[in-house]
Amino acid sequence: MRRLFLFLALLWSAPSWAAAPTVTSTYNGSGTSGATSTISNVACSGSNTLLVVFAGSLSENVPTGITKGSSSLTKLTEGDFGGVDFGSIWYLKAASNSSETVTATWGTSPASGAAASAFCLSDVDQTTTFGTPALGTDSRTNVDALPVSGSAADDLIIALVSFQSGGGKTISADVGTTKQTDINPLGGWTIVSGTHASGTSQSPAWTMSASDSWLHIVVNVLGTGGGGGGGPNTQFFKRRIQ
């Protein structure tokens, strides 16, 4: 009887196992037309979805708002490198699978070019969705990884890089980093996004083809079902009966 009680206690109180967020679709979008940038036919499939939009400009600040159809996105964070290389990350929880246009609106028509890109995630915690964003800036070839506070093995780390790309400069993802979107609206400035599996508390890292200024923003996205006790440990149960 005591063994049965111990078994039931372990079954109920041991940590549950999380599903890590997964990228289900990516969208490179367009540069600005007037004061807006658009991304067509955005649809987020799967369960517990999250739409993430990366918006930036060379020298025109960040959008005043972003929508998917009639739904408004929330700005998570923003940054810049001394008045250039602006970037911001926006999101919409429980984003629908309806094919709709994402529209980023700037206060005025960006003279130096602006753009937006996006990707959809599934299996995202809809309550505690993000960790704490980290930001780095510099002017050199290596876009270093940033420490991600509180990241867990079932998180997915996402990143934005906004950088000067005049003269044909490009950027490549380092080992462990996956480039998801890459848009260069006017030739002299580029914004890219990427992902990196967690578990090491390290973010995506990049290498530019030549040195120039850049902004790097990273944040971890939490998966569903993670955390401590409070529910049945189904993985423990499966291991015991196999």
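Start by selecting aspartate 85, which sits in strand S8; helices (H or I, at least four residues) and strands (E, at least two) are DSSP runs, numbered from the N terminus. At 0% relative accessibility, this aspartate counts as buried, where buried means under 20% relative accessible area, exposed over 50% and partly exposed in between (1.4 Å probe, protein chains only). Aspartate 85 also has a positive phi of about 55° although it is not a glycine. Most residues other than glycine have a negative phi.

A word on what is on your screen: this is a predicted model, in which local features need pLDDT of at least 70, side-chain atom pairs count only at pLDDT 80 or more, and totals for chains, interfaces and linings use all residues. Residues are numbered from 1 along each chain as its sequence is written, and side-chain values use heavy atoms, with hydrogens and water left out.

**Next stop: serine 57**

Leaving aside neighbours within four places in sequence, serine 57 is in contact with Asp85, Phe86, Trp106, Gly113, Ala114, Ser162 and Trp189; contact means heavy atoms within 4.5 Å. Serine 57 belongs to strand S4 and is buried, at 0% relative accessibility. Now show asparagine 61 as well: its backbone oxygen lies 2.9 Å from a polar atom of the serine 57 side chain.

Select residues 156-164, which make up strand S12. Is S12 enclosed or open? Nine of its nine residues are buried, so the strand is largely enclosed by the rest of the structure.

S12 pairs with strand S15 (residues 189-197) in the antiparallel sense, over nine bridges. To see this pairing, look for valine 161 opposite valine 192 in S15. S12 also runs antiparallel to strand S16 (residues 206-221), with eight bridges joining them. Here the place to look is alanine 159, which stands opposite valine 218 in S16.

**Into the core**

In soluble globular proteins, nonpolar side chains tend to be buried together. A nonpolar core is a set of buried Ala, Val, Leu, Ile, Met, Phe, Trp, Tyr and Cys residues joined through side-chain atoms within 4.5 Å. The largest one has 21 residues, and those with the most contacts inside it are Leu50, Val52, Phe54, Leu121 and Ile158. Strands S4 (50-57), S8 (84-93), S10 (114-122), S12, S15 and S16 each supply at least two residues of this core. Which strand gives the largest share of this core? S16 does, with four residues.

Centre the view on leucine 121. Residues up to four places away in sequence aside, leucine 121 touches Thr22, Val23, Thr24, Asn48, Thr49, Leu50, Val52, Leu156 and Val221. A second, separate core has 19 residues, including Tyr27, Val42, Val53 and Leu92.

**The disulfide**

Select cysteine 44 and cysteine 120. They form a disulfide, with sulfur atoms 2.0 Å apart; a disulfide is a pair of cysteine sulfur atoms within 2.5 Å. A search of the whole structure finds one disulfide. The link is left-handed, with -60° about the S-S bond. Cysteine 44 lies in the loop between S3 and S4 and cysteine 120 in strand S10, so the pair ties together parts that are 76 residues apart in sequence. Cysteine 44 is buried, at 2% relative accessible area, and cysteine 120 is buried too, at 0%.

**An open sheet**

Move on to the open sheet of five strands, ordered S2-S3-S9-S5-S6 with antiparallel pairing. Its edge strands are S2 (32-33) and S6 (71-72), each pairing on one side only. Two bridges join S2 to strand S3 (residues 36-42), and serine 33 has threonine 36 as its bridge partner in S3. Also in S3 is asparagine 41. Buried or exposed, which is asparagine 41? It counts as exposed, at 54% relative accessibility, and has a positive phi of about 55° although it is not a glycine.

**Zoom out**

Finally, show the whole protein chain: two helices and 16 strands. Of its 242 residues, 43% count as buried.

Terms used
Pairing = 2+ DSSP bridges. Polar contact = N/O pair within 3.5 Å; in protein donor to acceptor, adjacent residues only side chain to side chain.
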